[in-house]
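Please look over the sequence and the structure below before reading on.

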Amino acid sequence: MDVYRGYLDCLNERRWDDLGTFVADDVVYNGEPLGLNGYRSMLESDTHAIPDLRFNAELLLADAHTVACRLVFRCTPRHEFLGFEPTGEQVSFAEHVFYRFRDGRIVEVWSLIDKEAIRGQLR
């Protein structure tokens with residue numbers, strides 16, 4: 001779990017050049033092979049749209065090769081995010097995510113974001 005907590009610190013501190021310490025070059029996200037560069041671009045895009053985006057682990061379970069986490073976000077989108085236009089208001093939502101690790105780095109990510117929670121707050 002220390003590696004995963006380090007990964008979250010890396011994201012929250014926007015240390016994109018260190019991302020390869022935690023994420024494999026051939027990472028797959030929701031069944032799509034993004035590679036490290038594509039994964040980094042996705043995260044950079046998210047944090048551009050939501051500058052105050054912080055990855056907060058509310059629930060964290062792990063075994064030798066898998067991490068399951070409920071991430072909770074309280075943030076204020078400034079640009080379009082997940083198809084939603086910002087209103088200037090803060091939103092709260094959760095992401096349920098599973099990671100598979102190989103050799104201490106993330107090789108596969110399965111993510112489900114509660115878009116309905118966002119939709120309900122941006123009406």
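What follows is a short walk through this model.

The model is predicted: local features need pLDDT of at least 70 and side-chain atom pairs count only at pLDDT 80 or more, while totals for chains, interfaces and linings use all residues. Residues are numbered from 1 along each chain as its sequence is written, and side-chain values use heavy atoms, with hydrogens and water left out.

The protein chain holds three helices and six strands. Helices (H or I, at least four residues) and strands (E, at least two) are DSSP runs, numbered from the N terminus. Read from the N terminus on, the order of the elements is α-β-β-α-β-β-β-β-α.

The C-alpha trace of the protein chain spans about 45 × 25 × 25 Å along its principal axes. A compact globule of 123 residues would have a radius of gyration near 14 Å, and the 14 Å of the protein chain agrees with that. Here the radius of gyration is taken over C-alpha atoms, and the globule rule is 2.2 Å times the number of residues to the power 0.38. Of the 123 residues, 41% are buried, where buried means under 20% relative accessible area (1.4 Å probe, protein chains only).

Strand S1 (residues 23–29) is largely enclosed by the rest of the structure, because five of its seven residues are buried. Which strands pair with S1? Strand S6 (residues 105–113) pairs with S1 in the parallel sense over three bridges, and Val23 stands opposite Ile106 in S6. Strand S2 (residues 32–33) pairs with S1 in the antiparallel sense over two bridges, with Val28 opposite Pro33 in S2. Two strands pair if DSSP finds at least two bridges between them. S1 and S2 form a hairpin with two residues between them, and Asn30 in the turn has a positive phi of about 50 degrees.

The largest pocket contains about 270 Å³ of space. Of the 19 residues that line it, Tyr29, Met42, Asp46, Glu95 and Ile113 are the closest to its centre. A pocket is an open set of points on a 1 Å grid over the protein atoms alone, where a 1.4 Å probe fits, with protein on both sides within 12 Å along at least five of seven lines; lining residues have an atom within 4 Å of a point. The volume is the space filled by probe spheres set on the points, which are joined across faces, edges and corners. Helix H2 gives the most to the lining of the largest pocket, with four residues.

Definitions and conventions:
Buried < 20%, exposed > 50% of the residue type's maximum accessible area, 1.4 Å probe, protein only.
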